[in-house]
Amino acid sequence: MQTVLPVSARLAWWGTAWLQGYVVTDLVVDAVLAGDATHVVSGLPGVAGSASLTRTLAELRASGARDVGLALPAAGDPVGLGGPAGFNASALEAGQAAVCGDVGLVPRRVGAAVEWTAYDSGPRQLTDVGEADRALRLALQRAATSLAELDVARWRPEAADALMNLHHRPGLAPPPGTPARCADLAARSLQALAIVDLALEDDGGALSAAQAMLRRDSLHPLGAAARRGLVAACSPEVWPERGRS
């Protein structure tokens, strides 16, 4: 079961907590690194060369930023992005990005380090937490029905077990100031993404190409709903109770 937030989600949660004064610098750096050797950021406005994570957060605060949000784009579904094209293309290639005001940060793993590149970022439209929550619940119900009809228990028993045990969610430790509803939505979104990954493993296990396509078609709405859920849970712009746990 996937239990680790994407690095951009960690930066969104903990960067927001730092910008709003809930955590000290050492704590946010440790939480974002999560075992990585280092993180460096290039392309920050007004900063020559690369900057440390600490310097980056300080520059963002000096620019007036109050929070950091998440983007999890996929082909045909640029969820969490607001342009321009250069930022969108880079974020789509990475599959994720963090957004802080008019700055977008795209990560790239290099060995044990993460290199972030800063881009201009435009206004974005997000699904609010309540709508994302309802959409995820509905997508889970529909996926369970579809996968039962496709006999998921026979070709991917791990996915069937995960669908039958939806109350066993990843244990996340959000920073202070994160609404409990958002922490719960993030955990359920990660759980749904893990179910999609399990069910799509080894397409060769399907009896035919047609069945493999049915499997992917059944899981696509769940994956999209899970990404939107995680973006809402990690984007303070749409939090129902900003800055309250």
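Which residue forms a salt bridge with Asp133, and how far apart are the closest N and O atoms? I looked this up first, keeping in mind that the model is predicted. The partner is Arg137, with the closest N and O atoms 2.8 Å apart.

Next I checked where the two sit. Both belong to helix α5 (residues 129-149), and because they are four residues apart there, about one helical turn separates them.

Asp133 has a relative accessible area of 7%, so I put it down as buried, the cut-off being under 20%. Arg137 comes out at 43%, which makes it partly exposed.

On to Asp77. Which side chains does it meet in salt bridges? I found Arg227, at 2.7 Å from N to O. This pair ties together distant parts of the chain: Asp77 lies in the loop between β3 (69-71) and α4 (85-94), while Arg227 is in helix α9 (residues 209-233), 150 residues apart. I found Arg228 as well, at 2.4 Å from N to O. That is another link between distant parts of the chain, with Arg228 in helix α9 and Asp77 in its loop 151 residues apart.

Are these residues buried or exposed? Asp77 and Arg227 are both buried. For Asp77 the relative accessibility is 11%, and that is why it counts as buried. Arg228 is partly exposed, its relative accessible area being 33%.

Last entry, the tally: I get 10 salt bridges by this rule.

Terms used:
Residues are numbered from 1 along each chain as its sequence is written. This is a predicted model: local features need pLDDT of at least 70, side-chain atom pairs count only at pLDDT 80 or more; totals for chains, interfaces and linings use all residues. Side-chain values use heavy atoms; hydrogens and water are left out. A salt bridge is a side-chain nitrogen of Lys or Arg within 4 Å of a carboxyl oxygen of Asp or Glu. Helices (H or I, at least four residues) and strands (E, at least two) are DSSP runs, numbered from the N terminus. Buried means under 20% relative accessible area, exposed over 50%, partly exposed in between (1.4 Å probe, protein chains only).
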